[in-house]
Amino acid sequence: MPNADPVPEYAAWRKGVAGVLAKARRVEIADLPDEPEKLLEETTYDGLTIAPLYTRRDELPEQPLPGAFPFVRGGTATRDVHRGWYVSAFVAGDGAAANREILAGLENGLSAVWLGAGERGVPVAELPTALSGLLFELAPLTLAAGGAVSAAAAEVFAVLDGYETADVSAIQVALGAAPLTSRFAGTDDVELTEAVQLAGQAIARPETVRAITVDGTVFHDAGAAEAQELGAAVAAGLEYLRKLTAAGYGTAAALGQLEFRFAATDDQFATIAKFRAGRQLWARVAEVCGLPTFGGAPQHAVTSAAMMSQRDPWVNLLRTTLAAFGAGVGGADTVTVLPFDSALPPGELGVSKSFSDRMARNTQLLLLEESHLGFVQDPGAGSWHVESLTADLAAKAWEFMQELETAGGYLAALDSGLLAERIAATKAARDSDVAHRKTAVTGVNEFPNLAEKPLSEAAREPGRVARYGAAFEELRNRSDAYLAEHGTRPKALLVPLGSVAEHNVRVTFIANLLASGGIESINPGPLTVEGIATAAKESGASIAVLCGADKRYGEEAGAAATQLRAAGVDTVLLAGAAKAVAALSDAERPDGYLAAKIDAVAALSGLLEKVGA
């Protein structure tokens, strides 16, 4: 006798899906595939399939408890539920200013410090001043010193040598040497041999000191998808392990010298799964090395710089909240929330740094102290979706790591360009989705605010991070330049045909679309064919967009286009597809079509060129 369906209700659900899809697509149910729910599946940039519904059919074996191999559910079984994860913030400036910021942050909710040094922050000689008063056993310290990390480490070690505490082993310091990932990003760092030497010093310390950070955020910032970020980070971690063990350090000691840093995005489920999968992957490496219990490397989550927008940056508060939630629920040991205005130069919005920092810090404190997220470790455990996504993501990341290993390892894949090529392909796919507005970036390619103050020249300078909405923001920069020169923004006349019920959807769509490119819409309200010429002359716009129902287009679009051209409009567009006016003569047809699936960046860029922006 065949096994009974573990979810007998699934058939009824599938029937309901078929009915909705048939109605939406205006087809018969019989015309749909046998498994119509597959039409609702989504595919990630890693090629993973996200189903519309997860049930007991997708159930996987239960993972071991937190703190046990393979650490999917967390790196430790004894996390302080009142603290949850460590709340961290990046601190820079001179020694005295950094010290004030550190102590004030710790008094107001921080529980860890990420300190920039050398060219990235505090002058190395001033590190003792910056660290004065820090209780190291209570607040872990992470350095970001680039090429000055050895000198910075020496100063930190000198401070620790004079520090008195009953439990030296409770002190946690990450020196942050990251030569392999910094090399990918093109940023200053120590040579790999120097990082290995630094690890030797860290191993000899009585405190818990990790010399090397495998910084996966550099891959994310370049456009990598989740599995690519994880796979490249594991490949880099393997390279470090080989160098450390070749230098004579034991495998256990070498594993103890690495921590991982990953980006947390506003895709909360992908973020939860990423951190769970990341631990599983590194645990597998440790297992292959014969030391599975040494595979629980710490994870530092940093909210994604790529998802941050310059336009309507207040939306970044929502993005970072989701990202911090995902990282915390996913089991990150330390979380850093970037300030909501981090994609802009300091002071660009007219708000103080202390305000931005406080908002970033309080984002985590609200999650921990009001939502009590730290009270339960791995709350996503047992979720059919979370467990399936974790397993799929781990498998895909391992596959990517193996591709890099087959190419000769991380350094070989880096030098050959293979790693950059794979990530660039993902970036191109994401850029296309954003350009076609398949992927929404709120405040940028959807619901833009043209009333925003133009950005400064400094804000318009391109950065190293591949921000998702950068192409649309460049269009807005062109609009701002036009505004500065002409006193008005580029504008287009909307020509609503028929009743409000007929044209409202397309008028709203076009106004939103044009605004995302910095083009102001002029809407005179419903127009008859006879009133179009007057509206065109009064607007002074050289671009006009016909907005109405397809049936109305068949009746009035040709005459409307003729009237607009006679009134001096250079470019007549139609909101919709060309098939709506297929019966018109060449002279009557619009010059172009603005539909939902167009490359909006290309279309809007062309319109800006037409008006001289």
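These legends walk you through several close-up views of a predicted model.

Because this is a prediction, local features need pLDDT of at least 70 and side-chain atom pairs count only at pLDDT 80 or more, while totals for chains, interfaces and linings use all residues. Residues are numbered from 1 along each chain as its sequence is written, and side-chain values use heavy atoms, with hydrogens and water left out.

**View 1. Eight strands close into a barrel.**
Going around, the order is S3-S4-S5-S6-S7-S8-S9-S10, and the pairing is parallel. Strands here are DSSP runs of E with at least two residues, helices are runs of H or I with at least four, and both are numbered from the N terminus. Two strands pair if DSSP finds at least two bridges between them. On average, neighbouring strands of this sheet are turned by 25 degrees against each other, direction ignored. Helix H10 packs on the sheet, where it touches S8 and strand S9 (299-303), and its direction makes about 160 degrees with that of S8. Helix H11 (residues 316-329) packs there too, touching S8, S9 and strand S10 (334-336), at about 165 degrees to the direction of S9. For these angles, axes are lines fitted to C-alpha atoms (for helices, over the stretch in contact), and values run from 0 to 180 degrees between N-to-C directions.

How many residues of S7 are buried? It's 7 of the 8, so the strand is largely enclosed by the rest of the structure. Buried means under 20% relative accessible area, exposed means over 50%, and partly exposed is in between (1.4 Å probe, protein chains only). S7 is joined to S6 by 4 bridges, running parallel, and 4 bridges also join S7 to S8, again parallel. Look for Val-173 opposite Val-209 in S7, and for Asp-215 opposite Arg-261 in S8. One step along, S5 and strand S6 (residues 172-177) pair in the parallel sense over 2 bridges, with Leu-141 standing opposite Val-173 in S6.

**View 2. Leu-131, a buried loop residue.**
Leu-131 sits in the loop between helix H3 (127-130) and strand S5 (141-144). Its relative accessibility is 3%, which is why Leu-131 counts as buried. What does Leu-131 touch, leaving aside its neighbours within four places in sequence? Its contacts (heavy atoms within 4.5 Å) are Asn-99, Leu-115, Phe-136, Leu-141 and Val-156. Leu-131 and Gly-95 are 36 residues apart in sequence, and their C-alpha atoms are 8.2 Å apart in space.

**View 3. Two cavities inside the structure.**
The structure holds 2 cavities of 30 Å³ or more. A cavity is a set of points on a 1 Å grid over the protein atoms alone where a 1.4 Å probe fits but cannot get out, and lining residues have an atom within 4 Å of a point. Grid points are joined across faces, edges and corners, and the volume is the space filled by probe spheres set on the points. The largest cavity has about 50 Å³ of space. Strand S8 (258-264) and helix H10 (268-288) are the elements that give two or more residues to its lining, and H10 gives the largest share, 3 residues. Among the lining residues are Phe-260, Phe-262 and Trp-282. The lining of this largest cavity splits into 5 nonpolar, 3 polar and 1 charged. In that sorting, Ala, Val, Leu, Ile, Met, Phe, Trp, Tyr, Cys and Pro are nonpolar, Asp, Glu, Lys and Arg are charged, and the others, including Gly, are polar. The second largest cavity has about 30 Å³ of space, and its lining includes Met-307, Met-308 and Tyr-468.

Most residues other than glycine have a negative phi, and most peptide bonds are trans. Now check the bond from Phe-69 to Pro-70: this one is cis, with omega near 10 degrees. Pro-70 lies in the loop between strand S2 (49-50) and strand S3 (86-91). Asp-312, in the loop between S9 and H11, isn't a glycine but has a positive phi of about 45 degrees. Asp-378 isn't a glycine either, and its phi is positive at about 50 degrees. You'll find Asp-378 in the loop between helix H12 (353-370) and helix H13 (384-406), and it counts as buried because its relative accessibility is 7%.

Methods: On a 1 Å grid over the protein atoms alone, a cavity is a set of points where a 1.4 Å probe fits but cannot get out, and a pocket is an open set with protein on both sides within 12 Å along at least five of seven lines; lining residues have an atom within 4 Å of a point.
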